[in-house]
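Q: I am new to this structure and would like to learn how to read its inner spaces and its packing. Please take the features one at a time.

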Amino acid sequence: MNFLKTAVFFSAFAFFSSAVCSQETLLPTNENYLEDQLYFGLTYNTLLYKPEGVFQNGLSYGTQFGFVKDLPFNKKRSIGAGIGVGFAHTTFNQNLLVDKASGSYQFQIPDAYNSNRYIFNSLEFPLEFRWRTSTLEKYKFWRVYTGLTLSYVLNFKAQHVLDAKQVTVTNTDMVERFQYALSLSAGYGTWNFYASYALRPLFKEAHMESTGAPLNLQSLRIGLMFYML
């Protein structure tokens, strides 16, 4: 057993020594480095095109994280594209109740409630055009990343609470599961402004129960984006 431990130790030592010695040849040059990046975002979420009488209350927050592969276009690596995959958790606190009492899903403004919230969990696929002032040695730099974010809603939940009684709707058939949004991330270093404007309604063929008017809610997310690598 002691012999085995010694063999493992020296094998590991030899491997890391070899890796350190060859590091100089493995390091990228200014002409071939990439800005591959892990990202993490925090947003405040707003519903757009709300019908009369519908308003948001409380904190409607969102989180997102993922990885973007860098595809530079020029020798300076200042212009390029990014394609990635990630996950987004999005909430909306508002007063628009999802009603399923009639057998079909309708939307109405309740007379009373303690809380009313929509929750979306989605896969995201960012497609970005990227401009930045980075170099191989420069870790803090200006950046503007803009493009289109495609997403697929994995699950949806509507929670309505009144006097400690909670009603939950989890039917994703009422949701437009394939979404796309214009996105912008701009800033210096780790901290960056972020905005995402949805181009498609959150729900399909949705109507207000009281008036029959179509409901075309779309989302606007504004917040901060952090890049770790």
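Q: Which elements each supply at least two residues of the lining of the largest cavity?
A: In general, rolling a probe the size of a water molecule over the atoms shows where empty space is left. Here, a cavity is a set of points on a 1 Å grid over the protein atoms alone where a 1.4 Å probe fits but cannot get out, and lining residues have an atom within 4 Å of a point. In this predicted model, local features need pLDDT of at least 70 and side-chain atom pairs count only at pLDDT 80 or more, while totals for chains, interfaces and linings use all residues. Residues are numbered from 1 along each chain as its sequence is written, and side-chain values use heavy atoms, with hydrogens and water left out. The elements are β3 (79-93), β6, β7, β9 (178-188), β10 (191-198) and β13 (218-227); strands are DSSP runs (E, at least two residues), numbered from the N terminus.

Q: What is the volume of the largest cavity, and which lining residues lie nearest its centre?
A: Its volume, the space filled by probe spheres set on the points, is about 250 Å³. Of its 19 lining residues, S122, S151, Q179, S219 and R221 lie nearest the centre.

Q: What is the volume of the second largest cavity?
A: It is about 120 Å³. P126, E128, T149, Y194 and M225 are the closest to its centre, out of 14 lining residues.

Q: Which residues of the largest nonpolar core touch the most other members?
A: In soluble globular proteins, nonpolar side chains tend to be buried together. A nonpolar core is a set of buried Ala, Val, Leu, Ile, Met, Phe, Trp, Tyr and Cys residues joined through side-chain atoms within 4.5 Å. Buried means under 20% relative accessible area (1.4 Å probe, protein chains only). The core has 20 residues, and L96, F107, Y118, F120, F156, M174 and F203 touch the most other members. β6 (115-132) and β7 (142-162) each supply at least two of its residues, and the largest share, three residues, comes from β7. A second, separate core of seven residues includes V68, F141, Y194 and M225.

Q: Why does S60 count as buried?
A: S60 counts as buried because its relative accessibility is 0%. S60 sits in the loop between β1 (37-48) and β2 (61-72). Its side chain makes a polar contact with the side chain of Q56 at 3.2 Å, and reaches the backbone nitrogen of N93 at 2.8 Å. A polar contact is a pair of N or O atoms within 3.5 Å; within protein, one must be able to donate a hydrogen and the other to accept it, and residues adjacent in sequence count only if both atoms are side-chain atoms.

Definitions and conventions. Buried < 20%, exposed > 50% of the residue type's maximum accessible area, 1.4 Å probe, protein only. Helix = DSSP H or I, 4+ residues; strand = E, 2+ residues; numbered from the N terminus. 1 Å grid on protein atoms, 1.4 Å probe; cavity = no way out; pocket = protein on both sides within 12 Å on 5 of 7 lines; lining within 4 Å.
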